[in-house]
Structure formats: C-alpha cells, structure tokens
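Hi,

Here is the model I promised to pass on. Have a look at it first, and my notes follow below.

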Number of protein chains: 2
Amino acid sequence: MKNFVLKGNICYSVNKSEIKVFPDSYLVCIEGKTVGIFEELPQQYKELSLVDYGDKLIIPGMIDLHIHAPQYAFRGMGMDLELMEWLQQQAFVEEAKYSDLDYARDAYSIFAKQMQKSATTRACIFATRHRKATTLLMDLMEDTGLITYVGKVNMDREAPQNLCEKDADSSATETMEWLEENRSRYTRTMPILTPRFLPSCTNELLEKLQGVREEYHLPVQSHLSENPEEITFVKSLFPDAGFYGDGYDKYGFFGKEAKTIMAHCVWSEEEEVVRMKQNGVFVAHCPASNMNLSSGIAPIKRYLDEGIKVGLGSDVAAGQSESIFRAMTDAIQVSKLYWRHVDSSCKPLTFEEAFYMATKGGGEFFGNVGSFEEGYELDAIVLDDTCIPYPQELSVRQRLERAVYLSLDLMGICAKYVAGEEVKCCRTHVLT
Amino acid sequence: MKNFVLKGNICYSVNKSEIKVFPDSYLVCIEGKTVGIFEELPQQYKELSLVDYGDKLIIPGMIDLHIHAPQYAFRGMGMDLELMEWLQQQAFVEEAKYSDLDYARDAYSIFAKQMQKSATTRACIFATRHRKATTLLMDLMEDTGLITYVGKVNMDREAPQNLCEKDADSSATETMEWLEENRSRYTRTMPILTPRFLPSCTNELLEKLQGVREEYHLPVQSHLSENPEEITFVKSLFPDAGFYGDGYDKYGFFGKEAKTIMAHCVWSEEEEVVRMKQNGVFVAHCPASNMNLSSGIAPIKRYLDEGIKVGLGSDVAAGQSESIFRAMTDAIQVSKLYWRHVDSSCKPLTFEEAFYMATKGGGEFFGNVGSFEEGYELDAIVLDDTCIPYPQELSVRQRLERAVYLSLDLMGICAKYVAGEEVKCCRTHVLT
C-alpha cells in the first residue's frame, strides 16, 4: 500500500530559509511519492485510504548521515575523554567485541529496535571491521523498514591488534566477500565503502579499496578534520596530501568519483572547503559529538552559505543520543557560541536552517528525500505533542519548534512512513 | 513519616572531584536527615519502614538555582533571538499576561505540576512583578512538596508599560504587601528578593528594596554579566559602579549582607570574580540559556577552582528544559568548547564536577542539602533505567553517567523525597 492520504498539520522545508506550514491539510502519496498537499482533498484522491492524524504534526522523517551502530551500547558513558583517547579506551574496546556474533546479535538488535522507534527514516551507518557482524546488522536494519547505508569498516593500522585487520589485502578481500554475500539480498539496505578515517588506513589499503569502489560502484563515508591533533597526525602519515581531504581525494573517496559523506569538518582549511564544494561532498554535521570529544565547533553557517551540502549526524556514541531533533538544537546552539566566541561574521544558524539540514539537506544523499514537495519519496513522521500542556494559543510553527527543542522524538512518535511504507515504531509513551 | 530506609544503588557527591557509589545498599533517614549508608542494615534500624528499590539508582534531588515560572509556557519557542530582543519579543510579552489571575492559574498550575514530576527537589524561582499571581504561584509550589524560594520580580524601568511597575515606591510597597500576606503562610515556600536585573531597576527602587531586604531578612536573586551588550548598557545606567556586580553590592544585594544567587556570570571581569568570591555569591550556571541567547560560555571550571560557590540553573525559558540532568551535560559540553576555542588553560568540566554542581553545589544555598552525607536533609530521587536496554555489564557509576547524558529524568522518575518527605511525582512512563 503506497497510495494513501495523511491528514494533519503538515510542515516541511522547501529550502534552508523556509519551512512551509499547512495546518489541517491533506498529504497525498501515490506510489511512495508525494503528489501534493491540499487544504481540501481533490475529488480524484477521495478513493484513497486516509489516515486522519487530527491535530498532530506531520513532518519529513529525520535523516542521520552519521551513526556508529556498535557504539550504541555505550552511549552516554565515558564522556570525559578527547577523540584519540576516547577511541582507544571506549570505541575500540567495544568494537572488538563484534568478532563474537552472539554479542553482535544482542547489541545490534537493541540498536535496530531503537532506530525503528526513533524519528529517523534514513541513516548512514558505520558497523565494525567484522564482515559477518556487519551482514547481521544489515539483516536487522532491513527488518526495521528504514532505508540505510551500512558500511563494513576498513582499518589496517593504528588500532589494537584485536580490532585491526591483518593487512590491506585481507581487509580488501573481506570487503569484497561482504559485498558478494549481500548482492541482491536487500531492498532497503545498501552497502557503503567505509575506510574508518585516514589514520586507520595504509596507502596500500586505500589503493585496494579504490579498486573495490570502482568495481562495485559504491558511495563512501568517512571522517574528516575532526580535531586539530588528528589533523597533525594525518599530516605526518600522508605528507604528500595537500590537506586532509586531499588524502581521500587521491583515491577517489572525496565526492568526485562517488557520492561521499564526510563527518565533522570542524577544522577544514580553506583549500579543503573549496574542494568539498567542487566535488559535492556531503558534510555530516555532528554537533553533540564535536562537543563531547572537545573537537570544537564546525562553521556550518558558512558551509551552507557557500552552497556546500550539509546534513546532520547523531554520531552515536560520540554523540550521546540518536535523536536528530537533539542534533538540530545542538547545531543551532553551538553556532551561536561560534558567532559569539570565534567569528562574529558567521551568524548563528536559524531553526529553518537546522530543520533543512535534518531533512532535505541530508535527504539529498538518498535522492529526492526529506521534503514533501511533489515527486519526493514520502518519508514522514507523526508527532503527538499533547503530552506538553500549555496555556496559550500556539501556531503550528511554534509547536514544531517546541517539539524539536524538547526532543519530543525521544518520547516516541506516533507513526512513521519510509518511501511510502508504514514502519512499525513501537515506542509508545504514557505521560500521566 | 520522616524515619525510613531506602534500598538501592546509591550515589552522591562528597566534593567536586568525587562521587561515592554504594551498590545495593541501605540509606537511613531519621527525622528527615541522612544518618548513614550501610551495606548491611544495622540492627537499630531494622524496625524502620524500608522501601526496596531493587536495582534502581538513588541519588540526591536536583537543585535548580534559576528558573522563571512564567516563561515555562513558551519554552522551546522563539529561540532565534538574542537576550535584549528575546526579552522584548518573548519574555515581557508573556509575563505581562500574569496580571490576569485566571491566566496565571492555568499557566502556573502546569508549571507546578511539571516541577513536581521533574528530578528537581529544590528551586529558586522568578515569578513576575505581579503580587497576586506570585502568591498564587507560591500556593501552588507549596502543594508540590518541593522546597522553593519564589520571588516577586521588581522592575520599574526599561520594560513595556503594561509590565513595568509604576514607580519605585509602588514596587516597594507591593513587595511589602506580598511579604506580609505570605508571612507564616507556608512551610516549604520562602520569599526571595528579586530585582530583575540592574537595567530594570532605578537607583531609587534599589534603595527602597535595600530597606525591604533588611526589614524582612531576605535572600536575593538576580542576573549578572550575561551578555556584553547588556554589560555596556549597565555601565551607561550605573556610571558609578566599578563593575556590574558592584552595582548590586552598593545596595547589599551581592552576598555580603544576604545570601545571594547571581545567574549567568558569563562575562564577569576580574574584579567582579574577586568580589563574588569574597562575598560568597552563588553563581547559577545556566549553560542552555547561555547558548540559546548567544550569550557565550561562562568560565565555570575557573570559578570552581577558585572556590566560588556554583550551582546549576535551567533558566527556563531561555533554557528550553527544566531538566537539571540536561543542564549537567550542557555544562560539560560547553566547558569543552571553552577549552578548545577560548582558553586552553581552562580545562573541561568533569562529570563529577557537573554532578556536584547539580546537587551539593547548588544545595548549599538551602543549607545542608544535596548530598547523602550524615546530617544532610534527605532529598532523593529514584531512577529506573530499565527502559535503556544494553548488551554488556555496566557499573553503577556508568549507569549514572548514562542516565544523566540521556536525560532520563525527562522520561519520569520513580520516586522523590524532599527533606525526608515523599513527594508525588506522578509522571510515569511506559516504553515498550
């Protein structure tokens, strides 16, 4: 059933400056795509099944451009650390456990179930370097109804022996086996090439992965310019690279040859920013992570103004929560601190810009996704804000901002649709 | 019933560097005060009634040193503004409505109920300048079981006519009438003198309020050095004051003559910091507010290291949430950005420091409050974190950090005790 009508208070971004609001209106979906929003339902759609959500809010599903599934288990813990020590003491220790498929099943089942309950309809997910556990994660994500990219991580150096892959060759071979065993296995779950970050990959591995990418026509996800110490380290490892991103670009992992997401971009130098724009790299802005790991504040307003593609990432577990509502408000908040403390020529992000990044901005990575404009794949979530009592009259726009600022998504959402199919989001809440 | 035993996983701050953890232990309360924590319950307490909270967490109640009750209605909305425009467009517009007692009753009932459900056991609350509505708020707060200070706001300039008080005289007179009508009216609710902030008060009003304070032996709450533009404005209004806080100190509103809370202290200059320390001023650190209004980051680590008294404030509605758990993680997060972007000699706050500020640090304003050390008034909340599934073994300390980072308080708490009396915290959650 991909032909239906939803009724309620409908909001979506048309661009980064404008959220359109249609109170008490009809959203018509035909073959999984929006055909229009109407105050009165036109005659030709009256035969379609209609779900009336009354006074609830209907908005596009959230897009999470950057999340680590195996880190979900330790979110919100061990936060008093910076990137490199956090990786060694927290992330790598936990990720090493995923060689054990039983543990992986326990942990990934929890992750998949929580993602299903969340406001997120599409996500780009890091697994671990383990082939079997990554396929298991893909099986579980397929069952959620979400549309996701999942990456088996590649890393052949600078990690503990029990997590590091033996060598470039075995890393590339495992990756191809993983791709082969998943060929035609899913309808909603897609592989994405995932070199962890430059410090984790030898030149040899990057070269081999370039071949894999070309053969399998894969998109790419990785990390970029997150932390000054990391950047210095990258410079020592890749002395020939003009800048961090240039190290990726040399191997075709920087947007030109393949659709690419780079998480963070907190400290990107001028040349890197220019290249990101030229190549159409997607920035996954992860403000909570950038705070928690003391990385800093990414100049996102500037990226948006320059026309760089930007979406939001929860970056669990460096970010403590999978809530993209939370990522929106975090993004606005840190942009205000950036304006105040770092660069007063870089204005704070507006709510409109944050909502755009969370939906249409990140959605572009998946095609025509993240908006209710005509022809867009219909990803929608339905919010019930009656658990927030208030004494005054409020507009739909005010209720939307409030729902986001209060992370209403964590209280549960009422319904969720992905590409025109309803997804069970079984989190329910009773606030009495 | 103020004599009882609670059993569970008990955590509390002894100082800003140490959280003590007692897994599966007994917390004994006699006449509303902690007498001790025991692994085995001593013989002499075996007759007391015991509540066994099993594997749940038992921690001190949260202390909110700064919250505006009349702003609760518009929390999470209109956030794309800076302090002075936010006051004019949001806060003052809403606060003017509280001349209408019916509206005040609707709005304050919601506020009181939500505070009852929250993790907060003690709070310092701004009302509006309206005497009757302030008394109504006090009646409602008394019924919640929380222990609070509530202030009728004084403001005789720089506000819209419908909110500004007529003159210094009528402001002072109304304040005394308010104090008289509340004399001996409450057991848990106390008045606090509340000149809004220096720009809102003429010299004449401050002089009169000084007399009121002396006559009624009141503590004081106000705002300090929140925003550079505000500070410049204060300098133009009070050319004789050496610094912002000196303007308060001239009238006995800066800790020396009376216990005083100053919210924000983001931009306090050196002399002001010295005076705050000398006078024992309590800083209410409100990190969410300081982000939302683009005020900046307060150097809280430095204040703590210098021995200044610091607690946390939600500062609703400049802060979007009443969650002090959220204030803890916000405090840590912005301190990391301060270290990275502003002053690398000012280390990030630790979880221990944030927990201390949220409990014992702010609690000191109320006496021996905010810890489970012997002789402290027993304020406790009980947390059920079974709604957060996880695959690995976790320590109680890890579960505590996670509960705070995930704002578990917003999902509801299981039980709440204030000075040894149980408070109905009727928010329940069912996460399936």
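How many aromatic pairs does a search of the whole structure find over all chains? The search gives 28, where rings of Phe, Tyr and Trp (its six-membered ring) pair if their centres lie within 6.5 Å, with planes under 30 degrees apart called stacked, over 60 edge-to-face and the rest tilted. One of them is A:F38 with A:Y45, a tilted pair at 5.8 Å centre to centre and 35° between the planes. The rings of B:Y244 and B:Y248 also have centres 5.8 Å apart, but their planes are at 15°, so this pair is stacked. As for burial (buried is under 20% relative accessible area, exposed over 50%, partly exposed in between, with a 1.4 Å probe and protein chains only), A:F38 is partly exposed at 22%, while A:Y45 is buried at 15%.

Before going on, some housekeeping. This is a predicted model, so local features need pLDDT of at least 70 and side-chain atom pairs count only at pLDDT 80 or more, while totals for chains, interfaces and linings use all residues. Residues are numbered from 1 along each chain as its sequence is written, chains are lettered from A and ligands numbered from 1 in the order in which they are written, and side-chain values use heavy atoms, leaving out hydrogens and water.

Now the core. A nonpolar core here is a set of buried Ala, Val, Leu, Ile, Met, Phe, Trp, Tyr and Cys residues joined through side-chain atoms within 4.5 Å. The largest has 255 residues, and A:M62 and B:M62 have the most contacts inside it. Apart from it lies another core of 17 residues, including B:L65 and B:F282. Leaving aside residues up to four places away in sequence, A:M62 touches, among others, A:F325, A:M328, A:F355 and A:I381.

Notes: Contact means heavy atoms within 4.5 Å.
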